[in-house]
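Hello,

Here is the structure we talked about handing over. Please open it first, then read the notes below it.

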Amino acid sequence: MLNLKYSHISLQSKPFLWLFTLLLFCVGCNQNNGELTIHNGVLDLTNWNFDENPEVNLMGDGLFYWKQWPINNEGDFDIALLKEGTSVEWPSPVWTKLGFEKRGYGTYKLNIKQKKDSEGLVLNIGRLLGAGEIWINGKKHVTLGKISQNGTDEIPYGQIIYTELPQEENLEILFVVSGHNSRLGGGPALQNVIQTKSLSTANQKSNPLIEGVITFLIIIFGVFQIYWFFTFNKELYFLYFGLFCLIGVSRQLFVGETLIYSFFPNISFGIVQRMRYVGYFGGLSLIILYYTSLYPGYIKKNLVRTIYLIPVLGILYVLFTPVFYGTLVAPFFQVYGLTTMILGFYIISCAIKNKKPYAKWVLLILVVQVIVFTNDILTAMMVIQTKFVINYSFLCYIIFHVFLNHKFQSEKERLLNQLYSNINTLKSDIDYKIEEIETLKKDTFQQIKSKERMVDNLKKVAASDEKVSIQSLIADLKSELLEDTQLVSIKNDIEGINKDFVQRIKKIHPNLTKTDLEICMYIRLSLERKEIARLRYTTVAAVKKSRYRLRKKLELEVEDDLEKYLKSI
């Protein structure tokens, strides 16, 4: 937990400060590497120093031509076909932002001025909604999927686009795009940049590596959690969190796209889009199951069933409907995702109120998850443009929860061990009390027998009317009382003499009862079984049984001498 006092920060809080520092850094990592903007559709790079800033964002006013292509029916380029343009704001200039239909086609126009002898530049488009072609100075430069006006034979393109720009002073770049498979319409989504060829090459090498390392780590953590569940303690929160890791990493793969296209370059956009939603819906259901198993009893089982039934229906829906209709339900499930986060806050708040272990830690991590989740939604909606939050923060979230899961399990094991210890102590106390009761019963029984004998003698005396017998009876009674007093005195003396011995043997053998300790003292003084029986108001056979039980508790072998062992302590 966080422990703040007089600006002192406990060691326990430092990991969380590190996590939040990293998160704030990531949130701040918008790709605003350059302040240069597009004016009236023209980006002037002639005065841009790529040595100092090797990357510049595409920001500003471009042109968009709705349902107009610079390509005639014969497939030849004809710029005159672009009649009426509309100003569109970069980045993320998807046409639904301009109020056009979700399904359709159009052309984006951008002019770039650059130095004649400038280093080769690369246009980087993070994601293209739909299919497209890039035409530069009237020539087709690259084909991205297969464009289609009516969408019947459209093949969307989902990969990151790296296209090297010609080294000419003036570039007229046209993005011919068709989009029929997304509720957001079509066009270049996310942040788009122009960067040096060296930086682009480095990114193309490093991005799959970074994504691969993150993916590998999350898979390892997920498998480890599931292994822990099946191997050791069967705690459901290990299973649910392990499955969440595996489902979540699939979401990361299909959102990041770099790694998945490295392994499967020909994978269809439809599969990628569906798997994004499967990972999203599956992760939501598993994370709420995780929280309810971590802190059970705060929400009703029927509500839990409803919570994970909705994502299951969502998964079935996106798997068996066309991609476009699958994207239409995304806003609903984004709201549903926020609802599950609210339920998570409720569960953890109840756990904090009931002082459950590590509940405050879990609350802090949930805050991080909500930030990441919100960032994911805003990025998907193209409200913000961040680069590192989703992947890196998700990994941090996984690492901290794996750590907390095992801390939580250690705390549960500690409490269970303490409970078992208390039970064993209570059992020993009960055994001790039972033994005291048995001793009291024996003593009481001996006294009753003695009194019965006295009553019988009195009856005989009363019947014979013999005065001498009465005097003899009184003498016997006085003798018996004196003997009882002497025995009590002897027992007290023995206990006093063996006080240190009792302390030593209790340290070595803490499981010994009061009766065991008493017999140990008598044996250590070399008393015979008859003498021990007399002191304990019991029989020789009972003493013999007590000695046998005592040897077992002391874990002595058959050849070991009990009296010598006790005297050696």
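**Strand β11 and its sheet**

Strand β11 has two faces: I161 and T163 lie on the covered one, while Y162 and E164 lie on the uncovered one. In a regular strand, side chains alternate between the two faces of the sheet.

Before going on, some ground rules. This is a predicted model, in which local features need pLDDT of at least 70 and side-chain atom pairs count only at pLDDT 80 or more, while totals for chains, interfaces and linings use all residues. Residues are numbered from 1 along each chain as its sequence is written, and side-chain values use heavy atoms, with hydrogens and water left out. Helices (H or I, at least four residues) and strands (E, at least two) are DSSP runs, numbered from the N terminus.

Now the sheet. It is open and has four strands, in the order β4-β13-β8-β11, with antiparallel pairing. Two strands pair if DSSP finds at least two bridges between them. The edge strands are β4 (55–57) and β11 (161–164), and each pairs on one side only. From one strand to the next, the twist averages 25 degrees. Axes are lines fitted to C-alpha atoms, for helices over the stretch in contact, and angles run from 0 to 180 degrees between N-to-C directions.

Strands β8 (residues 121–129) and β13 (residues 187–196) run antiparallel and are joined by eight bridges. L121 has T196 in β13 as its bridge partner. Helix α2 (residues 197–233) packs on the sheet and touches β4, β8, β11 and β13. Contact means heavy atoms within 4.5 Å. The direction of α2 makes about 120 degrees with that of β13.

β8 also pairs with β11: four bridges join these antiparallel strands. I125 stands opposite I161 in β11.

**Two helices to look at**

G242 lies in helix α3 (residues 236–256). G242 counts as buried because its relative accessibility is 0%. Buried means under 20% relative accessible area, exposed over 50%, and partly exposed in between (1.4 Å probe, protein chains only). Leaving aside residues up to four places away in sequence, G242 touches G222, Q225 and I226. The C-alpha atoms of G242 and I226 are 5.2 Å apart, though 16 residues separate them along the chain.

Helix α13 (residues 514–524) is largely enclosed by the rest of the structure, because nine of its eleven residues are buried. Among them are D516, E518, C520 and Y522. After α13 comes S526, with a positive phi near 65 degrees.

Best wishes
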